[in-house]
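My notes follow in the order I ended up writing them.

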Amino acid sequence: MSYLSPLLNRSGAVQAGGLDAGVAAHYGDPNREQRLLAGYLGKPGSALVDLSHRGVVTVSGPDRLSWLNTLSSQQLTNLAPNTGTELLLLTVQGRIEYDARVVDDGETTWLVVETAEAEPLAQWLNSMKFMLRVEITDVSANWAVLGSVTEVPEWDKLLVWVDPWPHLAVGGYSYATIAEDQHPGLERPWREYLVPAAELETAVGQRPLAGVWAAEALRLAAWRPRRGAETDEKSIPHELDLMRTAVHLSKGCYKGQETVARVHNLGHPPRRLVFLQLDGSLHTLPAPGSEVYLEDRVVGRVTSVAQHFEMGPIALALIKRTVDPDAVLMVDDDGEKYPASQEIIVATDAGQVVGRQTGFLRAPR
């Protein structure tokens, strides 16, 4: 049976589709909800986003962090309690299979993933535990996630994942062409609170709600990639600038490490994530998956689209790495054409850091 959030009973709620099916796209006024979520006119954000459809997997036991460390791209052995991080589980070819938000409470490690990924992730982790002292449980039915740009003081006892994006993690590497202090992700200090599912409505109370459309608009403006949206069966972390938060370049072996190191040191990712400012004169938005053209040549596809309350229509797209960053692109949605200007997220010459002159891309700390 498909999940339906009890918060869909709130006035004006319209259910979302795709990755966010089961929660509200909006509650009747998407632009106002986005302003309440982001904060505006000097006011901090006050709205919450219902993300109760997210999958939640727990790993407990004394070996949990060292074991997850051996499986994933992230250094977790010394992860401090209540510190948010991100890990990737990769194929042997370095392609992204899972992208998990990670927070440990001192006894249990919590992995928050997309809805459809919790059950297969739990099954895969159980198949890999062998004789180690770990217990893996899919607790998605028992826990709900609520998103917020600002800290909720009354929830100081709740476990919260604070998104490390866009800060360069220890062992990470930025593929951006701008300094961290100029990154648009700094305007979105994102938090995801874990709330017992039975207490979801009580926890929200009378606080204003924003739909996932609002959250997605802020995510795109922050250049933050999302598993299942910006990824496909060929995605590697280099293409999405996930080397900055989800990959530790100096840790021990894990599946896919050889590819990660080879592309980073000697090669280039074949594609790059780009932010698109779309022409808003059509008063519509192209669908995710729409092809991106440079003149008469297909060079990529749109991955996510949103209407931002300040910037208007925006998108993320995966395009060929070698596309001229100054070129005006064209998004084609079944014959409907949208001119689009680029903002570089991943540098056109990302990778091949061996022998590179220092001072362009950011090295691990």
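**Entry 1: the arginine in β6**

I started with Arg101, which is buried because its relative accessible area is 14%, under the 20% cut-off. This is a predicted model, so I write each value down as computed from a prediction.

I then looked for the network around this residue. Salt bridges with shared partners tie Asp20, Arg54, Arg101, Glu114, Glu192, Glu216, Arg219, Arg226 and Glu230 into one network.

Next I looked up the pair of Arg101 and Glu114. Their side chains form a salt bridge with an N to O distance of 3.8 Å. Arg101 sits in strand β6 (residues 96-104), while Glu114 is in the loop between β7 (108-113) and α3, 13 residues apart. Glu114 has 5% relative accessibility and therefore counts as buried.

**Entry 2: Glu192 and Arg54**

I asked which parts of the chain the pair of Glu192 and Arg54 links. I noted a salt bridge between the two side chains at 2.9 Å, N to O. Glu192 belongs to strand β11 (residues 191-196), and Arg54 to the loop between β3 (48-50) and β4 (55-60); the two are 138 residues apart. Both Glu192 and Arg54 are buried.

**Entry 3: Asp63 and Arg133**

I looked up a further salt bridge, in which the closest N and O atoms of Asp63 and Arg133 are 2.9 Å apart. Asp63 lies in the loop between β4 and α2 (64-71), and Arg133 in the loop between α3 (118-127) and β8 (135-138), so I logged the pair as a link between distant parts of the chain, 70 residues apart.

Are these two partners buried or exposed? Asp63 is buried because its relative accessibility is 13%. Arg133 is exposed, since its relative accessible area is 53% and the cut-off for exposed is over 50%.

I also wrote down the total: the structure holds 23 salt bridges. As a reminder to myself, side chains of opposite charge can pair when their charged atoms come close.

**Entry 4: His26**

His26 is part of strand β2 (residues 24-26). With a relative accessibility of 13%, His26 counts as buried. What does the side chain of His26 reach? I found the backbone nitrogen of Gly28, at 2.9 Å.

I then listed contacts of His26, leaving aside neighbours within four places in sequence. The list is Gly12, Ala13, Val14, Glu33, Gly211 and Trp213.

Notes:
Residues numbered from 1 in each chain as written. Predicted model: local features only at pLDDT ≥ 70, side-chain atom pairs only at ≥ 80, totals over all residues. Heavy atoms only, no water. Helix = DSSP H or I, 4+ residues; strand = E, 2+ residues; numbered from the N terminus. Buried < 20%, exposed > 50% of the residue type's maximum accessible area, 1.4 Å probe, protein only. Polar contact = N/O pair within 3.5 Å; in protein donor to acceptor, adjacent residues only side chain to side chain. Contact = heavy atoms within 4.5 Å. Salt bridge = Lys/Arg side-chain N within 4 Å of Asp/Glu carboxyl O.
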